[in-house]
Structure formats: structure tokens, C-alpha cells
Amino acid sequence: MHYEAIVIGVSTGGLDALKGFIPKLPASFALPVAIVQHRNQRSSDFLAEHLNRMSALRVVEAEDKGPMCGGYVYLAPATYHLLIEADRSFSLSVDALVNYSRPSVDVLFESAADVFRQALIGIILTGANTDGAQGAREIKARGGLVIVQDPADAEADVMPKAALAAARVDYIVTLDQLPPLLLQLAGK
Amino acid sequence: MPSSSLIAPGRHGKKASGAIRGEDSERLEIDLLLSGIRDRYGYDFTHYSRASLLRRLAKARDQAKAKHFTELRDKLLDSEKSFDEFLKAMSITVTNMFRDPEFYQELRAQVVPVLKTFPFIKIWHAGCATGEEVYSMAILLHEEGFLERSQIYATDFNKQSLDMAKDAVYPIGNIDSFSEGYQESGGKRDLSYYYNYGYERVKFRDFLRNRITFSYHNLVTDGVFGEMNLICCRNVLIYFDKILQDQVLGKFEDSLRHGGFLCLGNRESLNFSAVQPMFEAVDKKQRIYRKRSVPHAL
């Protein structure tokens, strides 16, 4: 399978989880990555700047109507839903919260599944709510691939467990196993 | 469950081709729905950002208890009442008072000193929704001492939202986050100075509302306003595609006087827009722009 994009949902414990694997991806990693990380309103640009300093890939906050390019990791801006358009650009919305969240993982995953269909990889990491479960199911329904962090490896296991209950996922991995798996999947 | 083994429970992607055919016909149904609405009611959603439009359409379809978009189309074209309901569902955004407090800090620091020099100040708040950000602006102008010399035109295409904005009534449950935004934005009093409380609701005081003219205006299909000193349109353009964004930004440019200010949402910008040479950035981070007297040579 030739994959074209990666979407990631992460909540409680997310900063450590992202720090644990984004910096391990090489600058040559070709698939664009879009991330919804639940966070409170105040911590706006800090996360992207912080991850960017540690990583070979460029980590930025997604801009409305900006293109989704390889070599970049895009974070949903605080308080906006992040969606992907058919021309593979981003759009943002301030529609109502979904799963008590904005940005919501389900919103990103469902719009990405619409666009990339079977060429999409979705990843659910640590988190204390069930956002992302529906989105993971949607990715599977379009023939995409879903990876879930092993609940025993996650700081908060609610989100991985909810995804496992909702969708027949392809891989259950620890954070350490994630970078080599992604390199392998991206290389195919 | 073993915690350190790669488990691949198997692939289930076989049905993809059938699903794709279904999606293409759904896309056609949506195009027909949108052109039907445009022809019958004059509301043009064809250049809205598709991804969030799709979510809203799906929600509207479910609310109308329609099985698919063609049935939704039939219902909407058949009855104005169901179209009103639809319009409501299509334009609900959720905002706050003093959303993005840093924006209001910069507005005080960089825009207010210029506005103060005018004998009369005209402000257009485009896409005011339920009014929270308009009252924020009125409070700021009051504290800076020139609300009495200002006229705010607050417009939206959702009549129900406009009515709520005109009422100036909000649930008491919202007040904590309103106050927090107000304090962080550089507010000079206690927010409670600006509202009266009763029946689990607050109502903002008339001296704020008296300086605001609420009116119906559709950014997509209606024209320009004249000689504005400031246009505030935050988190509206994100709902439009590039083509429509350009059209609307052109209307804003036409509506501003030279040296007038344009304030966009935190994640919106003039980058790559046709009107970009007509503006200089006052504050890049807070997306505050100022119209030049002569276009900037590229």
C-alpha cells in the first residue's frame, strides 16, 4: 500500500508522547503528519515551537488554507477544529465542540478519511477521553490503516481503549515501536 | 495483552471501491443541493470550505430526518420554514467575549491611539454571530473614552443569531469565561459593571447597545459598506474557500478608508490574497492590518 498522509490524535499525556516519537522521525520522512492534541487555551504556540526545536521534521501550527506538505508536522491550533480539504489543504472551524473538544480528533480523522481514503494512516495515542474512536472507525471504513498505542504503554488508556473497541485496528504498539513501524509503512 | 509486541489483527480494506462510487454520487447530490438553495433562496454556499460544510450538511440532514442529501434538498426547496431551520444549523459558531485576549491588548495598544484622533469612528463587525465579540468591542471603546463618538455596524446572515445579539442576553453560566477573557484582555473594571443580572441570565447595558446597529448582511451576496475606520471579521473567512475569501477581502478593502484597519482571526491572513499589496501588517501575530494610501509595489 502506498500511504500519503498520517493523522494523529492524542490527549492527556500528549506532550511526553509526542516528544517521545516525533523527534525520532528523520528529516527525509516524506509523509505529512497532522496532529490534534487536546490542550487548554493558553498553551498556544508553545507546543509547536518546543517540538520543532527537538525534531528534524519541521513542526508548525496549521494555517487556514495552507498546503499539507511532506517534511512537516502540523498541529491543530488551540480552540480550532482542523480539517483537510480535497485539494489537501487545511481548513479550520470554530463550530461547536465535538466530544467536549475543539480541536477534536474525530473531526480531523473523518475529514482526512474522506480525502485520503485507503492512503491514510491514523494513530491514536494516550488520552483520557473517547475522542478519536469514531474517527478511527471511519478511517477503517474507507480502507485506511489504524495504529493504536498499547493501553498498557499509554499514560492514560481511555482513548486507546475506546479506539480499540470501536475499530478493528491494524497495529497495537508501544511508543518506542512507532517510529520504525512508520518508517516501514512510509517506505512501501 | 502483551505490551511490547507488534500485533496486526488483519486488514479490512476490501470494500473501498464500492464506497468510492457511493461518495462520488454523494458529491453530486451535494452540488445539486447547493445550487438548488442558491437558485431558490439566494444563499450561496458553493464556495464554502467543503470539509466543514460537509459536517454541517450532514448534521442538517440528520436534523431534518432526511435519509440522504437529495431528500434534504426536496424538503428545503419545498418549505421556507425548513430552510430557516437549515440556515440556523449552517451558521452556528461558538465564540466568547474577548476571544483571544492578546488580540484586544494589541487593539488597545496599536489601533486605539489612531482611532482616537478621529471626530467620528465607524466600525464594521462582519459576521457578528450572537454578539459576544461586538459587546467586547463596545466595552473596549467605552474604556478608551470614545464609544460615544463611535458607530458599530454589526452584521450577520443568520437572523436568529442577530436577534440574540440584539437582545444582549446571555446565560449566567457563560460569565466566568467572559470575565476571564475581559480581565486578560486588559479590562479596567469588573465585567459586572457592564451587565444586569436576573433569572439566571445577564443583559448587557443599553449604553453599549445604543452604539451598535445590528443588521442583516450576507458577505457572499451583498455589497460594501462605506468609509469604515475599522473592520473586524474574525473566524469567518476560515469557512470560505480561497476564491470566496478573495472576493470578501476585496469588499473589505473597498469599505475601508485609507489608513483604516482590518482585523482577522488568529489563524487567518492576507497571505496569497489579491488585496495583500493594499495592506501593511500592523501586528502579524494578531492579524491586524492597515490599508495603505497607495498599493505597495511587489
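Modeller: Two strands pair if DSSP finds at least two bridges between them. Keep in mind that this is a predicted model.

Biologist: What makes strand 3 and strand 4 of chain A a pair?

Modeller: Strand 3 and strand 4 (residues 72-75) of chain A are joined over four bridges, in the parallel sense. At least two bridges are needed, so these strands count as paired. Within the pair, A:Val60 stands opposite A:Tyr74 in strand 4 of chain A.

Biologist: Which sheet of chain A has parallel pairing, and in what order do its strands come?

Modeller: It is an open sheet of seven strands in chain A, with the order 3-4-2-1-7-8-9. Strand 3 (58-61) and strand 9 (171-173) of chain A are called edge strands, as each pairs on one side only. Neighbouring strands of this sheet are turned by 20° against each other on average, direction ignored.

Biologist: Which strands do helix 2 and helix 4 of chain A lie across?

Modeller: Helix 2 (residues 46-54) of chain A lies across strand 2 (33-37), strand 3 and strand 4 of chain A, at about 175° to strand 3 of chain A. Helix 4 (residues 133-141) of chain A lies across strand 1 (5-10), strand 7 (120-124) and strand 8 (145-149) of chain A, at about 155° to strand 7 of chain A.

Biologist: How do you know whether the radius of gyration of chain A agrees with that of a compact globule?

Modeller: For 188 residues, a compact globule would have a radius of gyration near 16 Å; chain A has 14 Å, and this agrees. The C-alpha atoms of chain A fill a box of roughly 35 × 30 × 30 Å along the principal axes. Of the 188 residues in chain A, 58% are buried.

Biologist: Turning to chain B, why is B:Leu33 called buried?

Modeller: The cut-off is 20 or more other C-beta atoms within 10 Å. B:Leu33 has 24 C-beta neighbours inside 10 Å, so B:Leu33 counts as buried. B:Leu33 lies in helix 1 (residues 16-41) of chain B. Not counting residues up to four places away in sequence, B:Leu33 touches B:Phe69, B:Leu72 and B:Arg73. B:Leu33 and B:Leu72 are 39 residues apart in sequence, and their C-alpha atoms are 7.8 Å apart in space.

Biologist: What makes strand 6 and strand 9 of chain B edge strands?

Modeller: The open sheet of chain B has seven strands in the order 6-2-1-7-8-10-9, with mixed pairing. Strand 6 (212-216) and strand 9 (279-283) of chain B each have a single partner strand, so one side of each is left without a neighbour in the sheet. The twist averages 20° from one strand to the next.

Biologist: Is strand 7 of chain B mostly covered or exposed, and how do you know?

Modeller: Mostly covered: six of the six residues in strand 7 of chain B are buried. Strand 7 (residues 228-233) of chain B runs parallel to strand 8 (residues 256-264) of chain B, joined by five bridges. Strand 7 of chain B also pairs with strand 1 of chain B, in the parallel sense over three bridges.

Biologist: What is the hand of the crossover from strand 7 to strand 8 of chain B?

Modeller: The chain passes through helix 10 (residues 242-255) of chain B, and this β-α-β crossover is right-handed.

Key. Residues numbered from 1 in each chain as written. Chains lettered and ligands numbered in written order. Predicted model: local features only at pLDDT ≥ 70, side-chain atom pairs only at ≥ 80, totals over all residues. Helix = DSSP H or I, 4+ residues; strand = E, 2+ residues; numbered from the N terminus. Axes fitted to C-alpha atoms, helices over the stretch in contact; angles between N-to-C directions. Buried ≥ 20, exposed ≤ 12 C-beta atoms within 10 Å, placed from the backbone. Contact = placed C-beta atoms within 7 Å. Right-handed = clockwise from strand over helix to strand, strands pointing away. Rg over C-alpha atoms; globule rule 2.2 N^0.38 Å.
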